Amino acid sequence: MNEENLIPNSKRTPSELREITSKGGKASGKARRRKKSMKQVMDMLLEMPANTRADYEFLAEQGIDLNSLDPDFINNMLIVNAALMARAKQGDVAAVKELRDIIRDDDMLRHKIKYDNARLRLEKQKLEPVSMPDKAYSGIPANLVAPAFSSVLFDIAEQEHSEYIFPGGRGSTKSSFCGLNVIDLIMKHEDMHACVLRAVANTLKDSVYSQILWAISALGLDDEFACTKSPLEVTRISTGQKIYFRGADDPNKIKSIKPPFGYIGVVWFEELDQFGGEEAVRKIEQSVIRGGERAYKFKSFNPPKSAQNWANKYIKIPRADRLVTESTYLTVPKKWLGKPFLDDAEFLKETNPTAYENEYMGVANGTGGNIFDNVQIQEITDKEIKTFDNVLNGVDWGWYPDLYAFVRVQYVASQHSLYVWQEYTCNKTKNIDTAKHLSELGITANDLIICDNSENKSVEDYRAYGLLARSAEKGPHSREYSYKWLQSLRAIIIDNKRCPVAAREFFDKEYDRDKEGNVISGYPDGNDHMIDAVRYATERIWRRRGL
């Protein structure tokens, strides 16, 4: 033992400390150089070709077809890896871990090379024109698209719509179709980036991220994109375009997206029904889509059982820029799905038809408790309105917070259908002012208006202002009977642009439930001012039918 080493540094002179530090630095440097030299020697040894008969016999025993390999590839590294694989197959945990580390390091190296090449290529593009690839990208092949989506491809290409919604059951390939189009649009619009979203961030990697990787591979574009998991991101190497992945549970990460150039023109909401509602989705769109003259919005989901789920109601409201395409696994080639999938579907169909209808056919067939299953949202044109010959008018009085509600409907007896085509609502408005507004809407002294009989004075006011107003008769059980009559109609057709309040009330009206979730009979009160106005307007029809 060297007693010099036992002397503490606090008792050494500055010159002694400098000498010790210098010796330590030199020793450390020698150790690093020795390790570097050893690594170089090891790399050289691993790259040397396999040169013994035993080497080749060992590789053959592992099932490696030596005739299919480049001779330069049959080296010591291949033998080492084959030996690791053999040990891993026998349950050697250490060998499994080592193989995983090798694969991970190889992936990291490959992505680093891709990024380095991309950076060099982008820098070069600033000085030189971009050279065209040997084989230009030609779009999504028809054999990758299920028949249900064939026409949608042309619609997207022609830019007929900006919002594409895909409700569908399991195995309908709606998510695959969305993933293909995200990549396709990135390839065709070099100023666009994309953002793929789910309600919860920790579901991204194993769902939409994997779907995008599949789409890249299916389109033969593996060399065109670099994909990383930290951050979860996909980059088009030749242009620097980005595909971002975000969860709605962290709004700040959505707002903080700043593309390096251009704008985000493609968004995909996967499992739309799991987001917080129409307003939440709209706010995300406003945060993400900024700039640019064109944007593509994709929304896919399996319809929940309840027809009252916001996503199920969302797709029933038509918009000029929206295309809704429903799909099931029945339109998908069987070989894409495989026998186990088809067997599972058939088994559920036989054992639980209701669950099958929802899960595989995408039908909202649950006991959602919605009162009106016969509501249809569609445009009612001026041309149609001119032909209406059985127009009925109704008023439900209100001040605040209850709405004043006026409605005009047309009942077509031959169709047993009701058209709701005009509405007017307000708060804190005097009778004289609502009367003036009705006159502005075209109501004349010859148009009968059936009003809520709870305010006879208001009815008298309307008469004094020149309107043909009359109180509803109501009577015992009239509310229940009128609701049943409305439910019995073949269709309640509502123009949601002309009558948005009526559309919302009829869609949202549900039965009450007890603590166990069972539906309670009877029609609950509240949020039904337009419904009441419709009941009053049609009173002379449903009373004639039995009350």
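Guide: With a relative accessibility of 37%, Gln159 counts as partly exposed (buried is under 20% relative accessible area, exposed over 50%, and partly exposed in between, with a 1.4 Å probe and protein chains only). Before we go on, please keep in mind that this is a predicted model, in which local features need pLDDT of at least 70 and side-chain atom pairs count only at pLDDT 80 or more, while totals for chains, interfaces and linings use all residues. Residues are numbered from 1 along each chain as its sequence is written, and side-chain values use heavy atoms, with hydrogens and water left out.

Gln159 sits in the loop between helix H5 (150-157) and strand S1 (163-167); helices (H or I, at least four residues) and strands (E, at least two) are DSSP runs, numbered from the N terminus. What draws the eye is its phi, which is positive at about 55° although Gln159 is not a glycine. Most residues other than glycine have a negative phi, and most peptide bonds are trans. Glu271 has a positive phi as well, near 55°, and is found in the loop between strand S6 (263-270) and helix H9 (278-288).

The backbone has cis peptide bonds to show you too. One runs from Ser230 to Pro231, with omega near 5°, and Pro231 is placed in the loop between strand S3 (225-229) and strand S4 (232-236). Another joins Tyr400 and Pro401, with omega about 5°; Pro401 lies in the loop between strand S10 (391-396) and strand S11 (404-412).

Now to the charged side chains. The structure holds 25 salt bridges, each a side-chain nitrogen of Lys or Arg within 4 Å of a carboxyl oxygen of Asp or Glu. Glu163, Glu285, Lys299 and Arg322 are linked in a network of them. In helix H16 (residues 456-464), Arg463 and Glu460 are three residues apart, so about one helical turn separates them. Their closest N and O atoms are 3.0 Å apart in a salt bridge. Both count as partly exposed, Arg463 at 41% and Glu460 at 44%.

Glu473 and Arg543 form a salt bridge at 3.5 Å, N to O. Glu473 is in the loop between strand S14 (468-471) and H17, and Arg543 in the segment after helix H20 (539-542), so this pair ties together parts 70 residues apart in sequence.

Asp525 and Arg479 meet at 3.8 Å, N to O, in a salt bridge. Because Asp525 lies in the loop between helix H18 (500-508) and H19, and Arg479 in helix H17, the pair ties together parts 46 residues apart in sequence. Asp525 is exposed, with a relative accessible area of 66%.

H17 (residues 478-488) packs with H19 (residues 529-537) at an angle of about 90°, their axes 10 Å apart; axes are lines fitted to C-alpha atoms, for helices over the stretch in contact, and angles run from 0 to 180 degrees between N-to-C directions. The pair is therefore roughly perpendicular (65 to 115 degrees; under 35 is roughly parallel, over 145 roughly antiparallel, and the rest oblique). Ser478, Arg479, Ser482, Tyr483 and Leu486 of H17 make the contact with Ile531, Val534 and Arg535 of H19, where contact means heavy atoms within 4.5 Å. These residues divide into four nonpolar, two polar and two charged (Ala, Val, Leu, Ile, Met, Phe, Trp, Tyr, Cys and Pro count as nonpolar, Asp, Glu, Lys and Arg as charged, and the others, Gly among them, as polar).
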